[in-house]
Amino acid sequence: TALWGHSLPFTRDQPPLLFFSSVDQDRYYNASFLITNVDYDPQYERQTTEEFRHLSQEIETMVKNDTTLFLLVCSPDPGGVLASVVLVFKFATADSKATSWDHVNRVLRRRLKTSSTFLNVDQSTLRLTGNRAAFSLTGCGIRRQAFSFTGVERILGGQRAQDGEWPWQASIQLDGTHRCGASVISNTWLVTAAHCFRGVRDPRRWTASFGILLRPPKHKKFVRRIIIHERYSDFVLDHEYDVAVVELASPIEFTSDVHSVCLPEASHVFPENTSCFVTGWGALENDGYSVNQLRQAEVKIISTATCNRRQVYSGAITPGMLCAGYLEGQVDACQGDSGGPLVHANSRGIWYLVGIVSWGDDCGKPNKPGVYTRVTYYRNWINSKTGI
């Protein structure tokens, strides 16, 4: 997308989880089992921690085969750690539910028994039940389907998004008109850019909408409270502390098309050249108009050292910012994308919020990549205001 802020100069205005597969005959099952040789760690309660990631990878290695995709949540048990998962098995159309059930039961027990990982599973604790829901979305960073990014429809480096592709994307609207993007971080909280509220901080004038279309949206919510970083200033155009959180007046009912993105731990480092996606309804050219259907663009993280070169941003990039895009230009955020998400998927397919669209010099210019609020830098501030 020549995807950023609005008109400011340079700004760019746990229970079970699962991966979703695009096969029509997928069948869903809840399973739980006790791991007896691992002591429970409270860090397992947070999907974003290294401890959760390591244990979940071990469990996935143990259970996963070419027909099963899943995520898990762990809970304490006197005998160790209770792992709960949602399994997705692919079956031929003709397979009966009874045949499918027997197959799942056999495969799961075999995998738990013969796995070569260091985890010990008490087979007597295995519980398997059907899951009538087409999805289970109580966790962050999950997408309903795996989507292809090789489509031919590319306009100024971006392409239109599909339903459910970026379910955490929100539009924040002033008096009913799209002003900025935002990211869903819980069923009552959004995170966005502070500069979106320049001059207008009265929550009664703001609403949030969800889904890939601005008109008509899938859902719309009133805003209860807007919390802008205490050190942000409307009058100092250095773009520091460009972060805000928005509390909704009523909770979002999460679905496959609308739910939260994961927040990284404050200590997490996203390396240079990491592939990310930026999304928004912003203009397709500098000083253009917002679009009605959400758009996406793939960008790469550019190191602060590179971005601070004289010919790029000449030292303007501070520790609370990060650059993403391409030095050759073309692919970028643009006016109207401000506050929206820059996201990255980890090796397990969980999407994390890396940045918040903040500012840049025009859109898609060579040596002028997009500049984003660095989420890890403000992670503790976000937690202090939202508890997330």
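Before you click, note that the model is predicted: local features need pLDDT of at least 70, side-chain atom pairs count only at pLDDT 80 or more, and totals for chains, interfaces and linings use all residues. Residues are numbered from 1 along each chain as its sequence is written, and side-chain values use heavy atoms, leaving out hydrogens and water.

Start with β7-β8-β9-β12-β11-β10, a closed barrel of six strands with antiparallel pairing. Strands here are DSSP E runs of at least two residues, helices H or I runs of at least four, both numbered from the N terminus; two strands pair if DSSP finds at least two bridges between them.

Next, select 189–192 (β9) and 244–248 (β12), an antiparallel pair with four bridges.

Move on to C180 and C196, a disulfide with sulfur atoms 2.1 Å apart (the cut-off is sulfur atoms within 2.5 Å). The torsion about their S-S bond is about -100°, so this disulfide is left-handed. C180 sits in β8 (177–184) and C196 in the loop between β9 and β10 (206–210), so the pair ties together parts 16 residues apart in sequence. The whole structure has four disulfides.

Last stop: select Q162, D163, W166, K218 and D257, which are among the residues lining the largest cavity.

Terms used:
1 Å grid on protein atoms, 1.4 Å probe; cavity = no way out; pocket = protein on both sides within 12 Å on 5 of 7 lines; lining within 4 Å.
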